[in-house]
Amino acid sequence: MPQLVRYFIVHGAIGAGIAAAVIAILFVYNLGDIRSLVMSSAGKLIAFSTLAVILATIFGAIQISMFVMLQPWDEQD
């Protein structure tokens, strides 16, 4: 596996872990009544999984973008 692909997978997983922590904080403290909304919906699993997938995608993309942009850059003529 190329090294760049491995870095993308690792940093995407880090972003997904951050998303899991954010979801845990949202549910523990019931911020924005998210826990109440999910628990009162008819499709609890669909609501929770949609929230998890969207946040994991967002935080994973941010983490990968930060990894790419913070790489050392050599200007070659």
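This is a short tour of the structure, stop by stop, with something to select at each one.

**Before you start**

The model is predicted: local features need pLDDT of at least 70, side-chain atom pairs count only at pLDDT 80 or more, and totals for chains, interfaces and linings use all residues. Residues are numbered from 1 along each chain as its sequence is written, and side-chain values use heavy atoms, with hydrogens and water left out.

**Stop 1: helix α1**

Select residues 3-29, which form α1. Helices here are DSSP runs (H or I, at least four residues), numbered from the N terminus. α1 has 27 residues. From its first C-alpha to its last, α1 reaches 39 Å, close to the 39 Å expected at 1.5 Å a residue. That expected span is 1.5 Å times one less than the number of residues in the helix.

Now colour the buried residues of α1: His11, Gly12, Gly15, Ala19, Ile23, Leu26 and Phe27. Buried means under 20% relative accessible area, exposed means over 50%, and partly exposed lies in between (1.4 Å probe, protein chains only). As you look at their spacing, recall that an α-helix has 3.6 residues a turn, so residues three or four places apart point the same way. What do the buried residues of α1 pack against? They pack against α2 and α3.

**Stop 2: helix α3**

Select 44-69 for α3. Its 26 residues should span 38 Å at 1.5 Å a residue, and the end C-alpha atoms are 37 Å apart, which agrees. Leu55, Gly60, Gln63 and Phe67 are buried in α3. The buried residues of α3 pack against α1.

**Stop 3: His11 and Phe67**

Zoom in on His11, in helix α1. Its relative accessible area is 16%, so His11 is buried. Which residues does His11 touch, not counting residues up to four places away in sequence? They are Gly60, Gln63, Ile64 and Phe67. Contact means heavy atoms within 4.5 Å.

Step across to Phe67, in helix α3. Phe67 has a relative accessible area of 13%, and therefore counts as buried. With residues up to four places away in sequence left out, Phe67 touches Leu4, Tyr7, Phe8 and His11. Then draw a distance from Phe67 to Thr50, 17 residues apart along the chain. Their C-alpha atoms are separated by 26 Å.

**Stop 4: Ala56**

Move to Ala56, also a residue of helix α3. Is Ala56 buried or partly exposed? At 25% relative accessibility, Ala56 counts as partly exposed. Leaving out residues up to four places away in sequence, Ala56 touches Ala16 and Ala19.

**Stop 5: the loop after α1**

Go to the loop between α1 and α2 (34-40), and select Asn30. Asn30 is at 18% relative accessibility, so it counts as buried. Just after α1, Asn30 takes a positive phi of about 55°. Most residues other than glycine have a negative phi. Asn30 is not a glycine.

Show the side chain of Asn30. One of its polar atoms lies 3.1 Å from the backbone nitrogen of Arg35. Apart from neighbours within four places in sequence, Asn30 is in contact with Ile25, Arg35 and Ser36.

Stay in the loop between α1 and α2 for Asp33. Asp33 has a positive phi of about 55° and is not a glycine. With a relative accessible area of 46%, Asp33 is partly exposed.

**Stop 6: the nonpolar patch**

Switch to a surface view. Select Leu4, Tyr7, Phe8, Val68 and Met69, which make a nonpolar surface patch of about 490 Å². Patches are made of residues with over 30% relative accessible area and no salt bridge; nonpolar side chains (Val, Leu, Ile, Met, Phe, Trp, Tyr) are joined within 5 Å, like charges within 9 Å. A salt bridge is a side-chain nitrogen of Lys or Arg within 4 Å of a carboxyl oxygen of Asp or Glu. The areas come from the Shrake-Rupley method with a 1.4 Å probe.

Which helix gives the largest share of the nonpolar patch? α1 does, with 3 residues. α1 and α3 each supply at least two residues.

End on Met69, in helix α3. At 68% relative accessibility, Met69 counts as exposed.

Definitions and conventions: Polar contact = N/O pair within 3.5 Å; in protein donor to acceptor, adjacent residues only side chain to side chain.
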